[in-house]
Amino acid sequence: LKDPTGKILLLCKGAESSVLEICDSGCVDVTRKHVDDYAAEGLRTLVFALREISPEDYVEVERLMTDCQNAISDRDQKEQLAFRTIEDRLCCIGATGVEDRLQDGVYETISALKEGGVKLWVLTGDKMETAVNISQSCNHFTASMKLHFLTARRDADSCKQTLESLLKLLEGTSRERAQTYGLIVDGTSLATCFATCPNLFLRTTLLCTAVLCCR
């Protein structure tokens, strides 16, 4: 957009894991703390950043976007390349935390499904702290459930060790099932599991009472 003084500004919003990584100025550290605080309260978070674009840069940006729109092949890849070129060297200006209340009947519906023997998986783009908070508030995770975390695992060995340990625990208690277990998996670890040990991941998660896949 162009402000009243004629400056051309690029405004960007998104998850802190994406936006803060492309900021090289502004209140990055303070915003990161605010996001963590908001997420701990169960709020949905967004980070905002901007960049002033010179008229010369704007011409180049417009050319890149036009090329993407006119591309006959590999349009998605070209768009991603253009976005990475444009969304760079941003200035972080802050974050928001918004309460997103559960719709009526969600708690009761999930409770009824679980009583009927249905195992629920939740896939969300929320930050982990927010996702866990919401899962607890809607009875996806219960107070008596033991929660296990598979997070920030980028290598196959780490994922396999965690899953094998949890699988051994679950198989040891599968007959009694007095204790219920929940598993929290973030996006990084989920991608690693799918790429390196999908069968082990499936065997383990099928024995969990509830699974939460988050950002």
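Guide: Buried means under 20% relative accessible area, exposed means over 50%, and partly exposed lies in between. Keep that scale in mind. The model here is predicted.

Visitor: Let me try it on L1. Is L1 buried or exposed?

Guide: L1 has a relative accessible area of 58%, so it counts as exposed. The residue sits in the segment before β1 (8-14). Leaving aside neighbours within four places in sequence, L1 is in contact with K7, I8, L9 and L11. Look also at I53. L1 and I53 are 52 residues apart in sequence, yet 9.9 Å apart in space, C-alpha to C-alpha.

Visitor: How confident is the predictor, and which elements have the lowest and highest mean pLDDT?

Guide: The chain averages a pLDDT of 88. A score of at least 70 is reached by 97% of the residues. Among the elements, helix α4 (residues 75-86) has the lowest mean, 81. Strand β4 (residues 90-98) has the highest, 94.

Visitor: Now helices. What describes a packed pair?

Guide: Two packed helices are described by the angle between their axes and the distance between the axes. Take helix α3 (residues 55-70) and α4. Their axes are 9 Å apart, at an angle of about 165 degrees. That makes the two roughly antiparallel, because angles over 145 degrees count that way. The crossing of α3 and α4 is left-handed.

Visitor: Which residues of α3 and α4 meet?

Guide: From α3, the residues are V61, L64, M65, C68 and Q69. From α4, they are R75, K78, E79, A82, F83, T85 and I86. An α-helix has 3.6 residues a turn, so residues three or four places apart point the same way.

Visitor: What about the loop between α3 and α4?

Guide: I72 is found there. At 88% relative accessibility, I72 counts as exposed. I72 and E87 are 15 residues apart in sequence and 24 Å apart in space, C-alpha to C-alpha.

Visitor: Next, backbone angles. What should I expect of phi?

Guide: Most residues other than glycine have a negative phi. R89 has a positive one, near 55 degrees, and is not a glycine. R89 lies in the loop between α4 and β4. Its relative accessibility is 48%, so R89 counts as partly exposed.

Visitor: Where does N139 lie, and what is its phi?

Guide: N139 lies in the loop between α6 (128-137) and β6 (146-150). Just after α6, N139 takes a positive phi of about 75 degrees. This residue is not a glycine either. With 14% relative accessibility, N139 counts as buried.

Visitor: Which residues of α6 are buried?

Guide: T130, A131, V132, I134 and S135 are buried in α6. The buried residues of α6 pack against α2 (28-40), β3 (44-53), β7 (181-186) and β8 (210-214).

Visitor: And H140: is H140 buried or exposed?

Guide: H140 is buried, at a relative accessible area of 1%. Like N139, H140 is in the loop between α6 and β6. H140 is then in contact with I110, K114, L120, W121, V122, S135, M145, A210, V211 and L212.

Visitor: Which parts does the pair of W121 and F201 tie together?

Guide: W121 lies in strand β5 (residues 120-123), and F201 lies in helix α9 (residues 198-206). So the pair ties together parts that are 80 residues apart in sequence. W121 is partly exposed, at 42% relative accessibility. F201 is buried, with a relative accessible area of 3%.

Visitor: How far apart are the ring centres of F194 and F201?

Guide: The centres of F194 and F201 are 5.8 Å apart. Their planes stand at 90 degrees, so this pair is edge-to-face. F194 counts as exposed, at 52% relative accessibility. Ring pairs link W121, F194 and F201 into a cluster.

Terms used. Residues are numbered from 1 along each chain as its sequence is written. This is a predicted model: local features need pLDDT of at least 70, side-chain atom pairs count only at pLDDT 80 or more; totals for chains, interfaces and linings use all residues. Side-chain values use heavy atoms; hydrogens and water are left out. Helices (H or I, at least four residues) and strands (E, at least two) are DSSP runs, numbered from the N terminus. Buried means under 20% relative accessible area, exposed over 50%, partly exposed in between (1.4 Å probe, protein chains only). Rings of Phe, Tyr and Trp (its six-membered ring) pair if their centres lie within 6.5 Å; planes under 30 degrees apart count as stacked, over 60 as edge-to-face and the rest as tilted. pLDDT is the predictor's confidence in each residue, from 0 to 100. Axes are lines fitted to C-alpha atoms, for helices over the stretch in contact, and angles run from 0 to 180 degrees between N-to-C directions. Angles under 35 degrees count as roughly parallel, over 145 as roughly antiparallel, 65 to 115 as roughly perpendicular and the rest as oblique. A crossing is left-handed if the near helix is turned anticlockwise from the far one by less than a right angle, and right-handed if clockwise. Contact means heavy atoms within 4.5 Å.
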